[in-house]
Every structure is written in structure tokens, then in C-alpha cells.
Amino acid sequence: MKKFLAFLMAAMMVVGVFAGCAPADGGGDGEFVIGMSGPLTGAAAVYGVAVQNAAQMAVDEINAAGGLNGYKFKLVATDDQHDPTKVATNYATLLEKGVHVSLGTVTTKPGLEFKNLSKQDNLFFLTPSASGDDIPEFENGYQMCFADGDQGKVAAEYINTLGLKKIGVFFKSDDPYSDGIYKNFTANLSKDITVVETQFTDANATDFSAQISQLKDCSFIFMPIYYQPAAIFMKQAKDSMAANAIYYGCDGFDGLAGEMDLSTITQEVSMLSHFDANSTEGKAAEFIKKYTEKYDTKTLNQFGASAYDCVYALYNAMSDLIKEGKEITPDISASDLCDLLKAKFSGGFSFAEGATGSNITWYETGKVNKIATKYTLKEAN
Amino acid sequence: MMKNAKWKQYVTYLVLICCTVVFTVLGSMKQLPFSTLLQLESATIAMILAASLCLVVGFLGELSLGHAGFMCVGAFIGGKLSVILTDSGAYGGNELLIMLVCLVVGGIAAAICGVIIGLPALRLRGDYLAIVTLAFGEIVRSLFRNAPAEMFGGTLAMSTPRYDRNSLFIIGFILVLITVVIIQNFIRSKHGRAVTSIRDSEIAARATGINVTKYKLMVFTLSAFFAGIAGVLFSYSQFSVDSKKFDYNYSIQILVMVVLGGMGNIGGSLIAATAVVVLDTFLQKQLTGNLAVLKDMLYALVLIGLIVYRNAPALAGFREKVSIKNLMRNLSKHNPAKIHDDEAKWDRVPTKIHIDEVLSVDVQSKSPYTPDKQWKEEE
Amino acid sequence: MKFLETLLNGLSAGSTYAMIALGYTMVYGIAKMLNFAHGDVIMVGGYTLFIASTMMGVSPLLALLFAIVFCALIGVTIEKLAYKPLRGASPLAVLITAIGMSKLLQSLAQIVFGSATQPVDLLDLGSVSIGSLNVSMYTVITLLCSAVIMISLSLFVKYTRTGRAMIAVSEDKSAAQLMGINVNFIITITFAIGSALAAFAGFFMVLKTFNVEPSMGAMPGIKAFTAAVIGGIGSIPGAMLGGILMGVVEAFAQTSPVMAPYTDAIEFSILIVILLVRPSGILGKKRREKV
Amino acid sequence: MMAQTVLKIENLGISFGGLKAVQDLNLEIKEKQLYGLVGPNGAGKTTVFNMITGVYKPTTGSFYLNGENLTGKSQETINHKGIARTFQNIRLFNNMTVIRNVMVGLHNQPEYKCGLFTSLFRLPRHFKVEKEMRQRAKEILDVVGLLEERNNLACNLPYGKQRKLEIARALATNPKLLCLDEPAAGMNPQETQELMDIIRTIREQFNVTILLIEHDMKFVSGLCDELTVLNFGTVLAQGETKAALQDPEVIRAYIGG
């Protein structure tokens with residue numbers, strides 16, 4: 001009897017699988033579909049939501065201004081919870097929705113899946129924040145953010161100029177972002193500088209007293225990590241560390257000011273980034289104003305700014321192509337559009353004015369060429 | 001009922017073969033959308049995992065919280081080997097042959113780990129074993145994460161050659177079939193009988209001359225082998241393998257499948273695995289934003305509810321009442337006449353009752369396992 | 001000097017682990033079950049602190065009191081709803097339910113508070129200098145508090161009526177029942193005490209990290225659980241020993257660049273090695289099954 | 001002709017902590033004998049069983065089966081050598097059918113040897129062995145009168161039949177010495193009578209020596225050839241059943257005073 005029921009259930013399941021696969025609705029609704037996959041829920045949701053919000057904001061602005069040649073844009077955001085195994089399903093959803101062009105993924109690990117999937121279908125992606133060095137491995141992938149390796153290299157080159165004898169490093173060894181920056185950082189660092197290396201992992205991310213006691217004697221600490229553990233570190237190290245020590249981070253520090261009151265510590269905090277959430281001038285300030293009016297400040301970070309730029313860069317590139325006489329309508333296939341965009345982005349296309357930099361261009365490798373700025377979040381007391 | 005006994009034990013195989021054929025035909029006709037192909041792949045992986053864990057939890061009666069660790073070994077070793085073999089053009093670049101080699105090697109690598117973890121397991125039981133397997137899973141993950149980046153990708157995921165998505169699920173189904181046939185054969189052999197006897201009473205099994213050590217090790221190894229195979233299959237279904245995937249939460253997810261399937265019921269585990277995969281994808285699409293967490297809550301509630309319902313001593317009477325057998329009996333016309341007290345079977349009442357049995361707070365209840373019923377004698 | 005500092009850091013981290021491990025060990029001793037959800041009771045304590053301190057602006061000590069009461073209530077509720085119906089069922093069933101409970105608590109917290117971290121700034125402790133040794137007040141306070149708690153717990157178990165009843169129940173439930181001990185009441189009390197200890201641990205963790213998140217209790221919970229097993233589950237001194245050992249090993253592993261990436265692996269390996277040598281932990285009693 | 005000694009126990013003793021549960025036990029059981037081990041509660045009877053079946057390792061002394069020293073051997077080895085037992089509080093494989101319980105007992109018999117590989121791939125030998133095992137199991141079940149119940153789950157059997165099933169399972173391991181721990185406990189008088197007959201049949205049919213623990217004096221005196229009476233871990237009396245039971249020490253231990 002039970003077996004029969006089991007059989008019945010199995011049969012139902014099979015039917016269920018089929019019911020789940022409604023025919024693809026295609027992209028023929030007269031809209032350009034921009035797809036993305038990011039952590040909209042889960043621990044990394046703050047990044048995914050920032051990208052979704054900012055991209056949606058850019059799309060709304062473009063549509064309000066009449067769209068591209070009269071055609072509107074539509075953003076399709078899917079949730080991968082920072083889990084690479086969920087990307088394929090999301091990618092399938094994007095295809096079903098008739099995606100034309102994509103923002104790739106928000107984070108690096110899922111991005112490794114996405115780059116391969118999109119390569120098969122020749123779908124163009126310009127990722128706002130998947131910073132892994134390998135993300136733009138194939139011709140169809142481009143980055144708006146600095147690649148991890150480049151960040152490590154730039155940071156090392158900057159520190160080489162400071163004439164320090166000894167620096168401390170605090171990084172997260174199970175995080176590709178942190179680990180990637182760190183590896184390139186040490187490779188490019190002058191050999192005369194002694195490095196005190198400390199690290200932590202997800203499973204030990206609450207108590208840093210052991211690392212702090214190691215780093216106590218260093219007056220300059222390079223921290224290629226995200227802002228949440230950085231804030232915990234700084235709070236825990238408040239008294240142990242030299243009062244005028246310098247914490248130097250990468251773009252992961254962005255969001256630090258929202259996480260903790262920096263005036264409670266005496267040390268200097270600065271970062272190397274393409275975006276400063278406290279900007280008061282230029283396109284960045286404009287973006288911050290618009291974003292905070294529409295959404296909350298909690299998700300205001302460089303991820304969003306970068307996504308905002310991505311959408312505009314794609315829009316600008318497509319308008320340029322139309323101006324050049326190419327025919328681009330929502331009837332175009334993703335693959336054809338990809339070929340056009342690849343030629344455009346590798347052919348010296350310049351994104352004039354964005355929230356994360358100006359005159360942004362791309363190398364043929366897909367990596368971005370723009371200026372990284374050192375922002376001082378807080379001066380030493 | 002008895003007449004059907006012979007073919008009944010092959011129902012699972014039949015269903016699996018039907019599924020394989022139907023989906024292969026549909027696949028070759030290009031009737032299966034991308035998302036369905038992905039679900040089929042995930043379902044086959046989950047089925048292998050559930051069936052192999054069912055062997056440990058349902059038949060040996062030990063709780064393993066490190067099943068994802070074995071899968072991890074298979075995924076990394078098998079995945080790496082396939083990269084090496086593909087790059088070196090071994091076997092004339094025959095993808096299928098390379099995959100076969102990787103499956104076997106990945107499975108064996110995991111099986112070796114099964115032996116390694118099985119050894120302490122022999123000295124430990126129950127809760128202690130559960131924590132050791134959990135620790136083992138975390139250790140394996142940490143080792144692969146910290147291995148040189150050139151070997152296993154380090155903190156970043158290790159890239160693997162993804163197999164053609166239009167045919168991987170067919171291989172997956174074939175592997176499920178092989179796994180299920182072998183596991184079922186094992187359980188329905190004298191060796192399987194010995195294993196079930198250990199589950200029911202280790203002391204009695206020892207006294208009956210069963211080599212408990214040997215069989216525990218055997219089950220751990222066999223189960224790890226198939227988990228390793230699932231790992232290799234997983235690495236073939238992805239472009240990259242990330243050690244983070246194989247944490248204890250994933251082990252627990254596999255455990256949920258086994259519990260949902262009714263511990264000690266391979267067919268049930270397969271159905272539960274498919275259901276979890278299908279439901280997972282469905283809910284991932286339906287529940288967005290803060291609601292996405294509802295999925296986890298649902299799993300947790302189902303898990304608790306099911307276990308409490310099936311095992312609570314206080315609910316024994318209720319369970320009897322609503323059991324399928326009873327419902328069927330009530331539905332059928334021939335209602336057996338009410339049994340009068342004087343006709344009740346007095347020989348069922350133990351005449352010697354230990355005083356502590358009556359007063360004890362731990363009144364022994366029925367075990368959580370599905371009792372064996374599939375193998376009624378064929379005559 | 002470095003050595004001493006690392007040792008102190010380890011002791012401080014270890015005392016938090018020990019506090020959590022005590023909860024595991026007491027519940028195991030009395031109810032003979034691994035309360036997998038214990039780590040998540042820490043998280044409940046953390047969020048209580050968040051509500052009381054950050055949202056309502058209550059003073060830290062009062063917030064701690066709230067957390068203790070609320071955690072004790074949650075612990076008792078979990079026991080009544082999920083574990084009590086299963087008393088007498090197979091240990092496997094109970095363990096799986098406990099795992100489910102852990103997931104349930106985490107997802108509930110995620111639904112109510114979201115998955116992002118929430119800030120809790122309780123106290124600014126500062127540090128004291130003893131000679132050339134600079135010790136943070138946090139270390140001093142955790143060490144003192146945990147010492148006081150452990151000593152009073154041991155005294156409670158040894159010298160009070162309820163405590164002795166607990167020992168009786170842990171030895172033999174049915175015999176204790178025959179002697180007129182209310183076994184259900186004792187189990188309830190045990191869960192309440194264990195959960196209150198989890199609240200303390202949550203307080204210490206929040207003091208250290210200044211924030212709470214839904215999965216904050218999971219990893220410390222598992223490590224403390226490991227510590228309890230290392231020390232010999234069911235034994236109160238064993239839990240303290242295991243917890244301290246865990247903390248010290250962690251601190252020393254983290255200060256060595258070679259071992260640092262393997263910190264988790266080392267901690268868990270200790271468990272396997274110790275269980276291989278002593279299957280019931282360092283101070284655990286060997287249980288003889290009655291044949 | 002003198003019957004051969006099957007089990008010989010010399011100075012066997014065990015202590016748990018400071019408590020000497022059994023001390024200085026000496027006894028000898030001859031082939032095909034029905035030997036009784038009696039004594040009040042807590043006398044150490046089951047402890048003796050646990051020692052000679054390898055559950056506990058004796059602190060002093062040793063025991064021999066057919067002259068082979070088995071002291072300190074594992075439970076499995078002792079069973080393979082030829083000592084099988086039943087349990088005071090029944091330990092059946094509850095979720096298995098009656099016949100499969102017995103087939104587990106047949107597991108180690110050389111004639112039913114079947115490698116793992118053979119089983120995994122269901123080679124012809126697997127089916128042959130299964131068939132033979134099933135046949136043998138049926139024969140054994142027939143002896144204890146459980147043939148009709150063979151397809152029921154063990155846990156669904158009434159109490160008395162569960163005890164019989166335990167005996168059948170122990171018998172299946174082809175023992176030289178069968179140790180029965182309170183086989184008649186929980187049985188009504190009619191069942192007890194049946195059991196006595198069964199035990200006698202078993203002895204004849206399986207050529208087995210039987211050592212049993214029992215409280216029911218009628219049962220013991222009606223069945224056993226010789227007795228050892230234990231109290232507080234020491235031997236009170238030993239010898240022919242009638243004589244041993246009339247020993248004044250024994251009467252005092254039982255009746256008190």
C-alpha cells in the first residue's frame with residue numbers, strides 16, 4: 001500500500017517538475033531586460049539589495065527620460081544568497097525572462113558560475129562588484145569595480161612610498177576578496193618592509209584579541225576586509241593599539257561609518273576606493289542624495305554606486321552604438337548585442353562621468369581603468 | 001498482499017527506470033527547459049546523498065552529521081582529477097570515460113575517509129559519534145580551503161569542467177539507479193540483516209556473534225563511497241566547487257531528507273530528496289526578500305513536527321488510529337466485529353512486570369525506524 | 001610577555017566557551033540529550049540585549065537581567081514543546097528535533113530582525129595595566145564572572161536540595177522519581193539554568209563584538225559543544241576544563257601564522273584525538289550499559 | 001563412560017569499584033547436562049553470564065569451553081567458539097521479522113558464507129545461501145513452535161513467544177553451550193510447561209549443553225540435573241538439584257532468617 005502511495009507521490013513530483021517549467025515568455029515586450037543575480041537575502045543581503053536598489057534607480061531615471069530610442073529598460077533581479085549553486089537556476093530564470101544584457105553577479109564566488117554560464121550563451125555582463133581577478137576571464141565579461149589583484153597592487157605601491165619599516169596586515173583567510181587582495185599586496189610590497197601577518201576565518205570572527213596582541217606594535221595596519229569585522233576589530237583594539245596608528249583598508253571599508261561611530265576611536269582610518277559615501281561634490285554626491293531620498297542609508301555603499309554606474313555605462317554604450325548606425329531594438333538577440341558591446345567596451349569606450357569615477361575605460365581583459373582615490377574616513381586625534 | 005511481495009521490492013527500480021527513460025526522451029526532444037534540467041541534476045545528486053546517508057542513519061542507526069564532508073572529498077578529488085585528465089587529453093579526450101574514472105576515484109577517496117572516520121566511530125556511539133562526524137566534516141572543509149590555491153582553488157572556488165547539461169542528468173539517473181540497486185542489495189543480503197540487527201540491539205547482535213566493528217566500518221565506507229560519487233557528480237554539475245558549500249548545514253539538509261523519507265526507507269529517502277530539491281527551487285522563486293527565510297522555518301517546523309509526531313510516546317495511540325492500515329480498514333465494508341474483553345488475547349499481557357518499567361519516566365517507545373516489511377517471505 | 005598575553009586572551013575566550021559548555025553538559029547530565037539549540041539560545045540572549053539596550057535604552061546590567069529571564073523562559077518553552085513529548089523516545093529522534101529547533105530559532109530571528117547585524121553598544125570597558133602587562137577589563141571581567149558563576153553552580157549542585165535532586169535524577173531517573181523527586185520539575189530547572197548561562201555567554205559575546213546577528217550563536221555553540229564533549233559531557237568541571245582548553249588552543253593557534261588558517265581544524269582535531277584516547281572525554285564517567 | 005566437560009569455570013570473580021559482585025566461582029558442566037544457576041536477586045547470576053559471554057572482563061579466574069581458555073575474549077569470538085545466550089530483559093531485533101531474527105543467528109555459520117561482493121551484485125550464490133538459511137531458520141522456528149509467526153515483527157509477539165524467539169536465535173548460532181537467562185520469566189504456568197518440553201527437545205535435537213538462570217523453583221527442580229546456588233556473589237551450594245535445594249544455607253537465603 002505504502003509503495004503504491006510512494007509511486008503516486010513520485011508521479012505527482014514528475015508532474016510538478018513539468019508544471020514548474022512554464023514556457024519562456026521571451027523578451028519581446030518591447031523592453032530591454034537587464035538581469036542580475038545577487039544576495040538579496042541572507043548574510044550578504046546588504047550588498048545585493050544595494051545593487052538592486054541603485055540599478056533600479058538608474059533604470060527608472062532612464063525610463064523617465066524616455067528610455068533608449070523610445071524603448072524602456074526593465075531590471076530583473078534574482079536572489080542567489082551568495083551561494084554559487086543557486087546561480088544556475090537564477091541564470092535560467094533570466095533567460096526565461098528574455099535577458100538582453102546583464103550585471104552579472106554581485107559577489108565573486110557566484111560570479112565564477114555566472115561567467116561560464118554567460119559565456120555559453122554569449123551574454124554580455126558588466127559586474128558592479130564581483131571583484132575576483134578571474135571574473136572577466138572570457139570576452140563577454142567586464143568589471144566596474146577594481147579587481148582584487150589590482151587593489152592589492154595599488155595598495156602595496158602606495159605603502160611602498162610611505163617609507164615604513166614595519167606594517168601589520170589583518171585579513172580574512174577564507175574570503176576570496178580579502179585573500180586575493182592580500183596575496184597581490186605581499187607580492188608587490190617592497191622587501192624592506194617587515195610584515196606582521198594576522199588572519200581570521202568565518203568561524204573565528206568574533207574575538208580578535210589574539211590578533212590584536214600580535215599587531216600592537218605596528219603603527220600602520222593594512223586591512224583588506226569588509227567593514228563589519230573591521231568595525232569589531234577597531235572597537236576591540238581601541239585601547240591596545242597605538243593612539244595614532246593608521247588603519248588602511250580597501251573598498252570593503254565602505255560602510256564603516258554607518259557601522260560604528262568612528263569618533264570613538266583615536267586611530268586614523270582611511271581607504272582606497274572608487275567611491276566615498278561622504279562625498280559632497282560631483283556625481284557621487286548626486287547619487288548619494290538621490291539614493292538616500294529613495295532608500296535608507298543602511299544600504300548606501302560603493303556596491304550601489306557601482307551598479308548605478310553600470311546601468312548608465314551600458315545605456316551610454318548602447319546609445320553610442322545606435323548613433324553609430326547599429327540597429328538596437330528589444331528584438332535583438334542577447335548574443336548579437338553582446339558582440340556589439342564587446343567591440344564597444346574593448347574599443348576605447350569611455351564612460352565620462354559616474355559616481356565611482358570619471359572617464360572610465362576598460363582594458364581588453366575586461367578590467368576597469370579608473371582612478372582609485374585614498375579617502376580618509378577619519379583623521380587621527 | 002503476499003503475492004505482490006516479489007515485484008514490490010522492485011518498484012523503486014521501476015519508478016527510477018521510468019523517470020530515466022521519460023526524461024531522456026524528453027531531453028533528446030529538447031522539451032526540457034533549462035531550469036528543469038538543473039532541477040533534475042540537483043535531484044539526482046540529492047537522491048544519491050539521501051540514499052547513502054539512509055544507510056548509516058536508517059539501517060545502522062548511527063547519526064552522521066558529516067555526510068557533506070565525504071561529498072566534499074569526492075567533489076574536490078574527483079573534480080581535480082577531471083581537470084587534470086581533461087587538460088592532458090587522457091583517454092583520447094573521451095569525456096564519458098574520464099568521468100567514469102573520476103567517479104570511481106572520487107568515490108574511493110571518500111571511502112578512505114569513511115574508514116578513517118569509521119575507526120573512531122567504532123569506539124563511540126550516539127551523541128558522541130554525531131559530534132565527531134560533525135567535527136570531521138568541518139576539518140575536511142578547512143583542509144581543502146587551506147590547500148594551495150593551485151591545487152584546490154584555496155579560498156576561491158576550484159574550477160571544474162562542467163558536463164553538458166543536456167546529458168548530465170541522464171548520467172545522474174543511471175548513477176542513482178546503480179546506487180540504489182547496490183544499497184538495496186546490501187540491505188537485503190545477510191550483511192544488511194546483520195547491520196539492521198546492530199541498529200535494533202547492539203548488545204544482542206554481539207551476543208549473536210555479529211562482528212559489530214566490521215559491519216560499522218563497512219557501512220561507513222559504503223556510505224562514504226556513494227557520498228563521494230555524489231560529490232563528483234556535483235563537481236560536474238558546476239563550473240566551480242567551493243568548500244563553503246559542504247558545511248554542517250548541508251549535512252543537516254541531507255539528514256532532513258532521510259528523516260522525511262522515513263528513516264530506514266530508501267524509496268522514501270529518494271522521494272524526500274526530490275521533494276526537497278523541487279520545493280527548494282520553487283520557494284526560491286516564490287519567496288523573495290524577508291520571506292525567503294520562511295523556507296528555512298518551514299523545513300525546521302516540518303522536521304520537528306514529523307519527529308515529534310512519529311516518536312512521541314504519548315501519541316502512540318493516535319498514530320495507530322490514523323495509520324493508513326486502519327483508515328483502509330475503516331473504509332472497507334468488512335468491519336471486524338468489536339472484540340469483547342473476554343476475548344482479548346491475554347497471552348499478550350506480560351505476567352511479570354518489572355516495577356521500574358511501570359514507574360520509569362522513560363517508557364520505551366517504538367523506535368523511529370521503518371520496520372522491515374518489504375521482505376515478507378515469497379511463498 | 002606575548003605568551004602571557006595570549007594565555008590571558010585564551011582564558012578569557014575559554015571562559016565564554018566554558019559558560020556555554022556548562023549549559024550543554026548540565027542538560028546532558030539530567031535529560032540525557034544533546035540540546036543542539038543551546039547555541040541559538042545565546043543568540044536569543046543577544047537579541048534581548050539588543051531590544052533592551054539599543055532600542056529601549058535600558059542600562060546594561062538591567063538588560064542582562066532581562067536576557068537571563070527571557071532566555072530561561074525560552075529554554076523552558078523549548079523543552080516543554082519539543083523535548084518533553086519525546087522523553088523516552090530514541091536518542092536519535094531527540095537529537096534531530098534539537099537540530100530542527102536550532103534552525104527554527106535562527107530563522108525566526110532572521111524573520112523578525114533581518115539577516116543583517118544589529119548594533120549593541122553595551123559598555124565601554126577600557127583596560128588596566130599590571131606592570132608592563134596591558135590587560136583589557138573585558139578579560140578581567142569575563143574571568144571573574146565565569147569563576148564566580150562556576151563556583152556558585154558547583155556549590156548549588158552540591159549543597160542545595162534542588163542541586164542534590166539534580167544529581168539524583170542524572171544518576172537514575174526512575175529511582176529519583178520513587179524517592180519523591182519531581183523529575184519534570186528538575187528537568188525544567190536544568191533547562192532554565194542552562195539557558196540563563198547562555199544569556200551570560202551572549203552578554204560576553206556582545207561585549208566583545210558590539211553587535212548581534214541571527215547566526216551568532218551557531219559556531220560558538222558548536223565549539224562549546226565540542227568543548228563539553230572533550231571535557232566529558234555530563235561533568236561540570238569537565239565543561240570548564242574543555243571550554244578553557246578550547247579557548248587557549250584557539251588563542252595560540254591564531255597567533256601562529258602557520259597554524260592560524262587551520263584554527264578550526266585544530267580545535268576539532270583535539271576532539272577526535274581525545275575521544276580516541278578517552279571515549280567519554282577527559283573527566284567523563286564511563287557508562288556501563290546494563291545487560 | 002564419563003561425559004566430557006563442556007564448560008569449566010575456575011576461581012571466576014569480578015568487582016565493580018570496591019564491590020565484589022562475584023568471587024571464587026568454580027563449576028563444571030558436563031556434555032548435554034542441564035545446569036541451573038539459582039539465587040536471590042542481586043546474587044550475581046547475570047554477572048556470571050555476562051562474564052562467560054564476554055560482556056564483562058573477569059577480574060580474577062578464567063573459564064574454558066571444551067578445554068579452550070576463553071577468558072577476556074570478545075563477545076563475538078566467544079559466540080563463534082560456541083557459547084550463545086539469551087537476555088533477562090528481552091533483547092530482540094524488534095524491527096525485524098521473526099524469521100530474520102533467527103537468520104541473523106545463522107550469519108556466521110560456515111555453510112552460509114557469502115562474501116560482500118556476492119551480496120552487492122546478487123550473484124547466484126547469494127540466492128542459494130538465502131534460500132538455505134531461510135529453510136534452516138524455519139526448522140529452528142518449528143522446534144520452538146514459532147513457525148506460524150515467522151513473518152510477524154518481533155516486537156509484535158506476545159511476551160512468552162519473544163522469549164522463545166530469543167532461544168531460537170541463540171540456537172541458530174549452533175552453540176555448544178546455551179545460556180538461558182530467566183527463560184520462564186513472565187510466562188504463565190501453561191507456557192512454562194511448554195517451555196520445559198522445548199528445552200528438553202532442544203537438548204536432544206541440537207546436542208547442546210544448557211546453563212540456565214531461573215527463579216521459578218518448580219521449573220528448576222523439574223528440569224535441571226545439577227545446580228549452583230549463589231548468594232552475594234559467593235557459592236552457597238553446589239551439586240545434584242534435590243540435594244542442593246535442601247541445603248540449610250540455601251533455605252535460609254531464600255526464606256530469610
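**Domains, contacts, elements**

Guide: Start with chain D: the centres of its domain 1 and domain 2, taken over C-alpha atoms, are 20 Å apart. Keep in mind that this is a predicted model.

Visitor: Which residues make up domain 1 and domain 2 of chain D?

Guide: Domain 1 of chain D covers 1-27 + 54-74. Domain 2 of chain D is 225-257.

Visitor: And how many residues does each domain of chain D give to the contact?

Guide: Domain 1 of chain D gives seven residues, and domain 2 of chain D gives five. On the domain 1 side, four are nonpolar, one is polar and two are charged.

Visitor: Switching to whole chains. Which pair shares the most contacts?

Guide: Chains B and C, out of five pairs of chains in contact. Their contact takes 47 residues from chain B and 46 residues from chain C.

Visitor: Which elements of chain B touch chain C with two or more residues?

Guide: Helices H5 (95-123), H6 (126-146), H12 (248-260), H14 (293-311) and H17 (355-359) of chain B. H6(B) has the largest share, 13 residues.

Visitor: Now chain C. How many residues are in helix H8, and what does it span?

Guide: H8(C) runs over residues 183-209, 27 residues in all. From first C-alpha to last it reaches 39 Å, close to the 39 Å expected at 1.5 Å a residue.

Visitor: Is H8(C) mostly covered or uncovered?

Guide: Mostly covered: 22 of the 27 residues in H8(C) are buried.

Visitor: What comes just after H8(C)?

Guide: C:Phe210, with a positive phi of about 65 degrees.

Visitor: Last topic, strands. What order do the three strands of the open sheet in chain A take?

Guide: The order is E11-E12-E13 in chain A, with antiparallel pairing. E11 (350-354) and E13 (368-369) of chain A each have a single partner strand, so one side of each has no neighbour in the sheet.

Visitor: How many bridges join E11(A) to E12(A)?

Guide: Four, and E12(A) spans residues 357-362.

Visitor: Which residue in E12(A) is the bridge partner of A:Phe351?

Guide: A:Ile360.

Notes
Residues are numbered from 1 along each chain as its sequence is written. Chains are lettered from A and ligands numbered from 1 in the order in which they are written. This is a predicted model: local features need pLDDT of at least 70, side-chain atom pairs count only at pLDDT 80 or more; totals for chains, interfaces and linings use all residues. Two residues are in contact if their C-beta atoms, placed from the backbone, lie within 7 Å. The expected span of a helix is 1.5 Å times one less than its number of residues. A residue is buried if 20 or more other C-beta atoms lie within 10 Å of its own, exposed if 12 or fewer, and partly exposed in between; C-beta atoms are placed from the backbone. Two strands pair if DSSP finds at least two bridges between them. Domain bounds come from an automatic or database domain assignment. Ala, Val, Leu, Ile, Met, Phe, Trp, Tyr, Cys and Pro count as nonpolar, Asp, Glu, Lys and Arg as charged, and the others, Gly among them, as polar.
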